[in-house]
Amino acid sequence: MKTPPLFILRHGQTEWNLAGRLQGALDSPLTRQGIQQAETQGRLLTAVFQEFVQVDVFVSPLGRAQQTAKIALAPHGIDATVDARLAEVDAGDFQGKARKDIEKEWPEIVKRCADDFSFYLNAPNGEGEAQLRGRCLSFLNSLTKPSVLTTHGITSTMLRGLACNLSFLEMCALPHTQGYIFRILGGEEVILKEAK
């Protein structure tokens, strides 16, 4: 599909990310490292706002994405519009559980799903691929100008995959790195990061 230029931020590291606990539609605050990652994204956004005069800015309604967007956008004096379609996938029965406990309770799902993307989308009583795909398509089709999105690991993977016309298997191989910006222009993705 064709989209305007996209700049997609995954929220910074959270307490549950650090503890190996699945969040999905639940939430936990950013760690100190997560705050630093959001600050890095803020610095990376400087070039974006210099390149494009008119930019729409959107954020997931979940707290960890809101916290990340607030930190990243603060130096630019910009507020984000909340859009529920950017929320993380509902991971059903996996939510709030430690990954090691999920591996014990649902070993067949863990064995079948080697990557995080398919793992979350196969959660019992979760949102699943079709629903996530539908709301991500709806969101992308609503965009009219270059856009900065602050969202989540699984939702950002679907958004990026759709914008780059990837297959499901190709989406499964995308990185979920925090502290970077995924730039999509003309269906091609480039990862923006600070030089070390």
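Biologist: What makes the pairing between the side chains of His152 and Arg64 a polar contact?

Modeller: This is a predicted model, by the way. The side chains of His152 and Arg64 are joined at 3.4 Å.

Biologist: Where is His152 found, then?

Modeller: His152 is found in the loop between strand E4 (147-151) and H8.

Biologist: And how do you know whether His152 is buried or exposed?

Modeller: Its relative accessible area is 0%. Buried means under 20%, so His152 is buried.

Biologist: What is His152 in contact with, leaving aside its neighbours within four places in sequence?

Modeller: Arg10, His11, Ser60, Leu62, Arg64, Ala65, Leu86, Ala87 and Glu88.

Biologist: Arg64 is in helix H3 (residues 63-73). Which residues are buried there?

Modeller: In H3, the buried ones are Arg64, Ala65, Thr68, Ala69, Ala72 and Leu73.

Biologist: What puts them on the same side of H3?

Modeller: They cover an arc of only 145 degrees around the axis, and that puts them on the same side of H3. What covers them includes E1, helix H2 (32-51), E2 and E4.

Biologist: On to H7. How do you know what span is expected for helix H7 (residues 128-142)?

Modeller: Multiply 1.5 Å by one less than the number of residues. H7 has 15 residues, so the expected span is 21 Å. From its first C-alpha to its last, H7 reaches 22 Å, close to that.

Biologist: Which residues of H7 are buried?

Modeller: Gly128, Leu132, Arg135, Cys136, Phe139 and Leu140.

Biologist: Why do the buried residues of H7 line one face of the helix?

Modeller: Look down the axis of H7: the buried residues fall within an arc of 135 degrees, so they line one face. On the other side of H7, Ala130 and Asn141 are exposed.

Biologist: What do the buried residues of H7 pack against?

Modeller: They pack against E1, strand E2 (56-59), helix H6 (116-121), E4 and H8. As for H8, the axes of H7 and H8 come within 9 Å and cross at roughly 60 degrees. The crossing in which H7 passes H8 is right-handed.

Biologist: Which residues of H7 and H8 meet?

Modeller: From H7, among them are Leu132, Cys136, Phe139 and Leu140; from H8, the list includes Ile154, Met158, Leu159 and Leu162.

Biologist: What makes the link between the side chains of Glu127 and Arg135 a polar contact?

Modeller: The two are joined at 2.7 Å.

Biologist: Asn125 is found in the loop between H6 and H7. How do you know whether Asn125 is buried or exposed?

Modeller: Its relative accessibility is 66%. Exposed means over 50%, so Asn125 counts as exposed. Asn125 also has a positive phi of about 60 degrees, although it is not a glycine.

Biologist: And Asn165, buried or exposed?

Modeller: At 52%, with the limit for exposed at over 50%, Asn165 counts as exposed. Asn165 is found in the loop between H8 and helix H9 (168-172). Its phi is positive, about 55 degrees, and Asn165 is not a glycine.

Biologist: Last one: why does Gly12 count as buried or exposed?

Modeller: Gly12 has 0% relative accessibility, and under 20% is buried, so Gly12 counts as buried. Gly12 is found in the loop between strand E1 (6-10) and helix H1 (15-19). Leaving aside neighbours within four places in sequence, its contacts include Leu30, Thr68 and Gln178.

Notes
Residues numbered from 1 in each chain as written. Predicted model: local features only at pLDDT ≥ 70, side-chain atom pairs only at ≥ 80, totals over all residues. Heavy atoms only, no water. Helix = DSSP H or I, 4+ residues; strand = E, 2+ residues; numbered from the N terminus. Buried < 20%, exposed > 50% of the residue type's maximum accessible area, 1.4 Å probe, protein only. Contact = heavy atoms within 4.5 Å. Polar contact = N/O pair within 3.5 Å; in protein donor to acceptor, adjacent residues only side chain to side chain. Arc of directions from axis to C-beta. Axes fitted to C-alpha atoms, helices over the stretch in contact; angles between N-to-C directions. Left-handed = near helix turned anticlockwise from the far one by under 90°.
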